[in-house]
Amino acid sequence: MKLIGMTLVAVCAGGLAFAEVVAPDDVVYAEYGEVEQSLTGQPGDAARGADIVGDKGLGNCVSCHQVSALADVPFQGEVGPMLDGVGGVRSEAELRGIVSNAKHTFEGTVMPAFYKTSGFIRPGDGFTGKAGTEPLDPLLAAQDIEDVVAFLMTLKD
């Protein structure tokens with residue numbers, strides 16, 4: 001897939017499909033942090049989402065959460081809740097909101113906002129002068145978020 005401006009161009013079985021990617025600052029969060037609209041208009045790839053969740057260089061979700069479906073990934077964390085069964089408890093919109101920016105659902109959470117580029121608090125910048133300037137790149141791309149959500153939706157009891 002290739003990102004051109006704000007349009008995602010994906011090759012599909014029937015030819016080219018065009019979908020608008022929702023920019024991080026344009027994501028609409030509902031009252032409890034749900035994000036109803038897909039960030040890409042493309043379905044998520046659950047297998048790729050599992051890779052992102054377990055990859056310490058990408059989502060790194062297993063540093064804080066345990067996921068039995070990823071038992072082969074070592075050093076799973078205990079800071080956040082276990083994710084087993086989350087797809088049967090949370091809706092796709094709730095999971096998309098939590099992965100994009102959990103602070104809209106859980107005020108004060110230590111979970112990073114994976115799809116945010118502005119509005120960061122940088123208290124250390126006055127001491128080091130090395131904090132990045134906004135807008136920053138999001139930790140995960142829009143399609144990465146959709147892939148993680150697709151994987152999380154497979155985690156049902």
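Of the 32 residues that make up the largest nonpolar core, the ones touching the most other members are Leu39, Val53, Val67, Leu70, Ile145, Phe151 and Leu152; a nonpolar core here is a set of buried Ala, Val, Leu, Ile, Met, Phe, Trp, Tyr and Cys residues joined through side-chain atoms within 4.5 Å. At least two residues of this core come from each of helix H1 (46-54), helix H3 (92-101) and helix H5 (142-154), and H5 gives the largest share, seven residues. The model is predicted, and local features need pLDDT of at least 70, side-chain atom pairs count only at pLDDT 80 or more, while totals for chains, interfaces and linings use all residues. Residues are numbered from 1 along each chain as its sequence is written, and side-chain values use heavy atoms, with hydrogens and water left out.

The protein has five helices and three strands, in the order β-β-β-α-α-α-α-α along the sequence; helices (H or I, at least four residues) and strands (E, at least two) are DSSP runs, numbered from the N terminus. Of its 157 residues, 40% count as buried, where buried means under 20% relative accessible area, exposed over 50%, and partly exposed in between, with a 1.4 Å probe and protein chains only.

Helix H1 can be followed from its beginning. Its N-terminal end is capped by aspartate 45, which has a side-chain oxygen 3.0 Å from the backbone nitrogen of alanine 47. Within H1, the residues Gly49, Ala50, Ile52, Val53 and Gly54 are buried, and H5 is included in what covers the buried residues of this helix.

The loop between strand S3 (15-20) and H1 holds proline 43. Why does proline 43 count as exposed? Proline 43 counts as exposed because its relative accessibility is 68%. Even so, proline 43 is in contact with Gln143 and Asp147, leaving aside neighbours within four places in sequence. The C-alpha atoms of proline 43 and valine 149 are separated by 9.8 Å, although these residues lie 106 residues apart along the chain.

The structure holds one cavity of 30 Å³ or more, and the residues lining the largest cavity are Tyr32, Gly33, Glu34, Arg90, Glu94, Ile98 and Thr105.

Key:
1 Å grid on protein atoms, 1.4 Å probe; cavity = no way out; pocket = protein on both sides within 12 Å on 5 of 7 lines; lining within 4 Å. Points joined across faces, edges and corners; volume = space filled by probe spheres on them. Contact = heavy atoms within 4.5 Å. Polar contact = N/O pair within 3.5 Å; in protein donor to acceptor, adjacent residues only side chain to side chain.
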